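Subject: Structure for you to look at

Hello,

Here is the structure I said I would pass on. Please have it open while you read the notes below it.

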Amino acid sequence: MRIDLHAHSNASDGTDSPAELVANAVAAGLDVVALTDHDTVAGYGAAAAAVAGTGLVLVPGAELSCQVDGISMHLLAYLFDPAEPAFAAERELVRTDRFRRGRAIVERCRELGAPISWEQVERIAGDGSVGRPHIASALVEAGVVASVSDAFTPEWLANGGRADVRKHETDPVAAVRLVRAAGGVPVFAHPGAVKRGRTVSDAVIAELAAAGLGGLEVDHVDHDEQARARLRGLAAELGLFTTGSSDYHGSRKTVRLGEHTTDPAAYEQLLAQATGAAPVTG
């Protein structure tokens, strides 16, 4: 089986519609794909409808924005009940604050000389939840930077960069507990992605494991072999399973669907822990 447990649609900051994501997952030869848009489940219905008759298995999920000790981190949540009220309220709070933050970042970019506008960013985002990748695309359109990745530097949008603005981010221990209370399974996304900024300590990961963390995303484009080996060892020590995934965003990033995959045994562990929802089989 080829299993990719981290992909985004244009319901957040990907460029594929949910239906296009499903079609592209089939074309990539995947057996299982997870839809993990940022802080939203808006793409679920369209993706589930598109799966019918394809033979693909769709795992519903979301990627949550968290922060601890001033460090931003992301938590993947799988197979939770999307209607569970406490977790739904927290996702709504994060989504609402994305718009405030987005407007503030655009204003900072303009103050720094970038000829972009909020209306331009809204056009790029479409119906998606506005995020920094949409602002990065606006900077590319305006000729300020050559690529989306070039926008994520201290010069512009990197964490702590000249144009960065902090947003509401959930405490990760609270987020783990919210996911579990909604019947879901939490996995720490790209925990060793040092190119994105500071990463959390092993002690924090151990605290998350004690709170109910299920796994670590290990095989990821932002992890070199040394980081992967270290994270596998840490996961083994803490009794966590490990996943692999593309973190696909369509044309907004160069990574391909299925570029990294999850071992079927780890996928079975994830399924065994979930009580809030079930995968959708085409």
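Please keep in mind that this is a predicted model.

I began with helix 4, residues 118-125, and helix 5, residues 132-141. Their axes lie 9 Å apart, and the two helices pack at an angle of about 115 degrees. Angles from 65 to 115 degrees count as roughly perpendicular, so helix 4 and helix 5 are roughly perpendicular to each other. The crossing of helix 4 past helix 5 is right-handed.

Which residues meet where helix 4 and helix 5 touch? From helix 4 they are Q120, V121, R123, I124 and A125, and from helix 5 they are H134, I135, S137, A138 and E141. By class, this contact has five nonpolar, three polar and two charged residues.

The second pair is helix 1, residues 18-27, and helix 2, residues 44-51. Their axes cross at roughly 40 degrees and come within 7 Å. An angle under 35 degrees would count as roughly parallel, and one of 65 to 115 as roughly perpendicular; helix 1 and helix 2 are therefore oblique to each other. Helix 1 also passes helix 2 in a right-handed crossing.

On the helix 1 side the contact is made by P18, A19 and V22, which meet A46, A47, A50 and V51 of helix 2. Seven residues of this contact are nonpolar, with no polar and no charged ones.

Now the pocket. The largest pocket has a volume of about 1,100 Å³. Its lining is made up of 47 residues, and those nearest the centre are R132, F152, R196, D222 and K253. By class, the lining has 15 nonpolar, 16 polar and 16 charged residues.

Which elements supply at least two residues each to the lining of the largest pocket? Among the strands they are strand 3 (57-68), strand 4 (71-78) and strand 5 (185-189). Among the helices they are helix 3 (85-111), helix 5 and helix 6 (148-151). Strand 4 gives the largest share, four residues.

Regards

How values were computed
Residues numbered from 1 in each chain as written. Predicted model: local features only at pLDDT ≥ 70, side-chain atom pairs only at ≥ 80, totals over all residues. Heavy atoms only, no water. Axes fitted to C-alpha atoms, helices over the stretch in contact; angles between N-to-C directions. Parallel < 35°, antiparallel > 145°, perpendicular 65-115°, else oblique. Left-handed = near helix turned anticlockwise from the far one by under 90°. Contact = heavy atoms within 4.5 Å. Nonpolar A, V, L, I, M, F, W, Y, C, P; charged D, E, K, R; others polar. 1 Å grid on protein atoms, 1.4 Å probe; cavity = no way out; pocket = protein on both sides within 12 Å on 5 of 7 lines; lining within 4 Å. Points joined across faces, edges and corners; volume = space filled by probe spheres on them.
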